[in-house]
Amino acid sequence: MKPYQLFDQDTQALFYNLKATPIQRMLDFDYVCRRKKPSIVGVIHPGRSGFHKAFFGAVEIVIPVYDRVGEAVRHHPQASVLINFASFRSSFLPSKEALLAPSIKVVAIVAEDIPQRQTRELIALAQQQKKTIIGPATVGGIVAGKFRIGYAGGMMENIIKAKLYRPGSVGLVSKSGGMMNELFNIIARTTDGISEGIAIGGDTFPGSTLLDHLLRYEANPNIHLMIALSELGGRDEYDIIKARKEKKLTKPLIMWVVGTSAKIFPWEVQFGHAGAKAGKEEEGAEAKNKALRAAGIIVPSSFAELESTIQEQFQKLIREGKMKPKQDTQPAALPLDYKDAVKKGLVRQATSFTTTISSDVGEEATYGTMPISDVVAKGYGIGEVIGLLWFKRKLPSNFSKFLEMCIVITADHGPAVSGAHNAIVAARAGKDVVSSLCSGLLTIGPRFGGAIDDACRYFKQACDAHVPPVQFVEDMKKKGILIPGIGHRVKSKRNPDKRVELLKKYGLKHFAKTPYLHYALEVEKATLQKAENLILNVDGCIAVLLLDALMSSGAFSIKEIDEIVQIGYGNALFALARSIGLIGHILDQKRLKSELYRHPTEDILYLLGEGN
Amino acid sequence: MASKKIREYDAKRLILARLPKGIAAAYRGVLVGPTTKLDALPKQFPWLVKEKLAVKPDQLFGKRKQYNLVLLHSDFAGVKKFILAHRNKKVTIGKATDALTHFLIEPMIAHQQEYYISITSQRTCDVIYFSAEGGFNIEERWDRVKKIAIPVGGTLSTTQLKSAGIPEKLHHFMVELYRLYVTLDFTYLEINPFCIDVKGTVHLLDMVAQLDGCAHFLHPQDWKNVEFPRSFGNKSYPEEEFISKLDEESGASLKLTILNPQGRIWNILSGGGASIIYLDTIVDAGLGKELANYGEYSGNPTREESYQYAKTVLDLMTRKAHPKGKLLFIAGAIANFTDVKETFMGIVRALKEYQEKLRTQKIRIIVRRGGPNYEQGLKLIHDTGREMKVPIEVHGPETPMVSIVAPALEKL
């Protein structure tokens, strides 16, 4: 590389802060320029290691990821550039480390709002080490057809339109990064395109100045026309005038200083860029434009005139035979990113998943269509949330209260039932909370806690078909099926289950109609004839009241109710409720630091055949 | 955020509380605000009624003596009278007219010689200017001012001071002052004058200072009670503060300055450079007086941030109708990475909320933008205009950036 070059088609760069999009944009540029190798050879991200996957054309490549700048520099002694995408809080140290590394020649700093003293310290270090800083507060820059920093040049369409994939004859330097694409386009419309374009950033003390880059362009034989876009604030333009007078800048130079409007404001306006504030009159845009013009630099009468001025000057160079426009070449065709293709509506693909109950794609996650903050604001309880997520609607309050009551009533039933027992044994074996909970939940089924669904099905079928309760009992007996939801181990007609009493009372009071409860109570009358303990139990009572709630709410069609019964919402309700108790037991065992449970051998009948 | 001016009161407190013991006296100064009860002050600061006092406005403007706004050698009754005579009264300083709201009362320090010192930050060094003939009209004696440059990262040594011919009794003070200038992230500091009494104690009489707004995160403790007041004459609006807060919390950049709320040209501009170019073009067309606001958003703000920003501008714009209607520019250059579709979705949401007022107040909207997903963004805003029956003229990157301005202004 020549001393006037910062980057060429073989430049290797390290990228600080793992940001997939700008990394990919750089590699895409490399590809359309037909670079032989990708420009980024390593990524630095504190606390990370391994590899980052990205595309080079259609091919996926891996880029090594390092924890520290020093480590990356050691592994890639050929890398001469650090592109620092760290935030303003953490930008300083990696920049400093890179400036101290002998192999790094250029540091580009993207972050805005870096403290002045930190930047000035970096500038001093760069001067001492004879290195170049681009930024801070900049999009970076681009060497047409060779190298791109981060987002410079914008989207691929723009790169193509502004012919940034191959070198032209114009050297551009701008304070504003946001104006770069605009200028690239203006230059592509009026000339053979840019050779190089650098945005130095809008800070009061940019790491490199307009003049620094103009001097490089002056020395670069491929650049024939120089353009600089500056802003009010600072005195860099006077250094450019001095260099012009000293014949250090001899090529045609077009400049414009923006901010001529600042004069009309009665107080000092701080524009968007930190440096864009004129403290003294000679730092104002008008004064600077005037001084530049007086020094023989080409200054249009306004920004609007910039385009025609560039065209005029470029044509003049050709007329005078001072240059020949560069020929256009064909950029390599870049495969479209799947995501972008979708955004543009160019491709379609069937989805693999469907959801109808909640979303996390908007500004705020929702239950159904209701943002969670609304759920909270409306004071919804667990019953209403179950309504939104399970039943996909706002349930009437008597329904949601009933669900909450079921949860309260069935949350726990002591440590001896099989679910709690299993959870306790797992917890005592040192398993974590979630594993222990699963161990307990896995016992829920036909013999433990899983009778609600079957009770729903049998009672609904019989009641809907108007089977007389006594006949239903007899039919079940003939089939040899125990009626789900009937019978209790200890409770009986004379020693009723208080939970069932509460549920019954609630249903009778709050539901418009309770045909299923009435049917179940008739069935209970029949079974009690056979044995004292064949009462309607909690599972059975929840089952019939769930049917009554669904029916009497008026919020569900017959088809929907059938579906709910068929899918098995009842056992789901039990699993949800009992999870509360199971977790309680697990936490309890953990607090007690209970040791591993081993069942006593004397409690096991060892029934093995006789061995030899 | 760039350099920010701070009150003289805060500047002196910052310095004097941190100078090593024995260099300067502990700071005695009272900042009086627009509603401070003057009669209650002597109880808290007994010296107010025991000593001769000096009082002056503390609102970031200089040359207070020339404007007859300094009272010296007064007793507390005189100070009270002075403050009551000026407080909440408008004065014009240069081009800026504003109310006097803050005053600084300090004990009068008897002195003979007045010294001058200022410290400025330049690209590669900090520069200290010193004069043993400080005070009023220092500019007239500038040829005798001594200049000491300290490279960034360096320290000020007594050898340097000696060779510059600075009186030895000031060395310790100046070394420490410079140390504080660096460690507290000042970007400018001027003490004119300061003096030193027979005991060798330094007193700061008048002081001006600026801190680096970007260094806020480095000084959560030191700067805790430091105020960053608006510049004199710059009316501050709650909407500006709201956007400034949004800006602080966001990774993107969001800036808003209200220039003239009665103006008929309103702007939602993007990009630090492009936004000024639009303003320049409007002012060049002779319509600077109609400019209502300056501002810019950049760095890919979210949909929500864009909505909040646009809503704030639209709200200000539609507070009072103008019989001839108004103009809104939603414009910018070709973005590097700001997603035009996302940001426009936020802007469109705000436009829809204000559509009734946009229609009845005869507001025309001119859009020009390019960048990531600009086709969808422009289509969205175009369709929204049709749907709302609000005239929205939409241009893409093929239209030169500022060419939209002149034809739009013609119809104003």
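This is a predicted model: local features need pLDDT of at least 70, side-chain atom pairs count only at pLDDT 80 or more; totals for chains, interfaces and linings use all residues.
A residue counts as buried here when its relative accessible area is under 20%.

Another salt bridge in chain B joins Asp222(B) and Arg18(B), at 3.2 Å from N to O. Here the partners lie 204 residues apart, Asp222(B) in the loop between strand E13 (207-212) and helix H6 (238-249), and Arg18(B) in the loop between H1 and strand E2 (30-32). Over all chains, the count comes to 50 salt bridges.

Let us now turn to the place where the chains meet. Chain A contributes 65 residues to the contact and chain B contributes 62. Interface size is often expressed as the accessible area lost when the parts come together. For chain A and chain B, about 4900 Å² is buried between them, 56% of it on carbon and sulfur atoms. The interface has 3 salt bridges and 17 residue pairs in polar contact, both residues of each pair being at pLDDT 80 or more. On the chain A side, helix H4 (116-129), helix H5 (156-161), helix H6 (180-190) and helix H11 (338-344) each supply at least two of the residues that touch chain B. H4(A) gives the most, with 8 residues. By residue type, the side of chain A that touches chain B divides into 24 nonpolar, 21 polar and 20 charged.

Look at one of those contacts up close: Asp126(B) forms a salt bridge with Arg120(A), the closest N and O atoms being 2.5 Å apart. This pair crosses between chains, from strand E9 (residues 125-131) of chain B to helix H4 of chain A. Asp126(B) is buried because its relative accessible area is 0%, and Arg120(A) counts as buried at 1% relative accessibility.

Because 5 of its 5 residues are buried, E10(A) is largely enclosed by the rest of the structure. Val170(A), Leu172(A) and Ser174(A) point one way from the strand, while Gly171(A) and Val173(A) point the other way. E10(A) runs parallel to strand E11 (residues 194-199), to which 5 bridges join it, and Val170(A) stands opposite Ile194(A) in E11(A).

Helix H3 (residues 92-100) of chain A also has buried residues, namely Phe92(A), Pro94(A), Ser95(A), Ala98(A) and Leu99(A). Their cover includes strand E1 (13-16), helix H2 (69-75) and H4 of chain A.

At 42% relative accessibility, Glu320(A) counts as partly exposed. The side chain of Glu320(A) makes a polar contact with that of Lys322(A) at 3.0 Å. From Ile123(A), Glu320(A) is 197 residues away in sequence and 40 Å away in space, C-alpha to C-alpha.

Definitions and conventions
Residues are numbered from 1 along each chain as its sequence is written. Chains are lettered from A and ligands numbered from 1 in the order in which they are written. Side-chain values use heavy atoms; hydrogens and water are left out. Contact means heavy atoms within 4.5 Å. Buried area is the accessible area (1.4 Å probe) that two parts lose on being put together, summed over both. A salt bridge is a side-chain nitrogen of Lys or Arg within 4 Å of a carboxyl oxygen of Asp or Glu. A polar contact is a pair of N or O atoms within 3.5 Å; within protein, one must be able to donate a hydrogen and the other to accept it, and residues adjacent in sequence count only if both atoms are side-chain atoms. Helices (H or I, at least four residues) and strands (E, at least two) are DSSP runs, numbered from the N terminus. Ala, Val, Leu, Ile, Met, Phe, Trp, Tyr, Cys and Pro count as nonpolar, Asp, Glu, Lys and Arg as charged, and the others, Gly among them, as polar. Buried means under 20% relative accessible area, exposed over 50%, partly exposed in between (1.4 Å probe, protein chains only). Two strands pair if DSSP finds at least two bridges between them.
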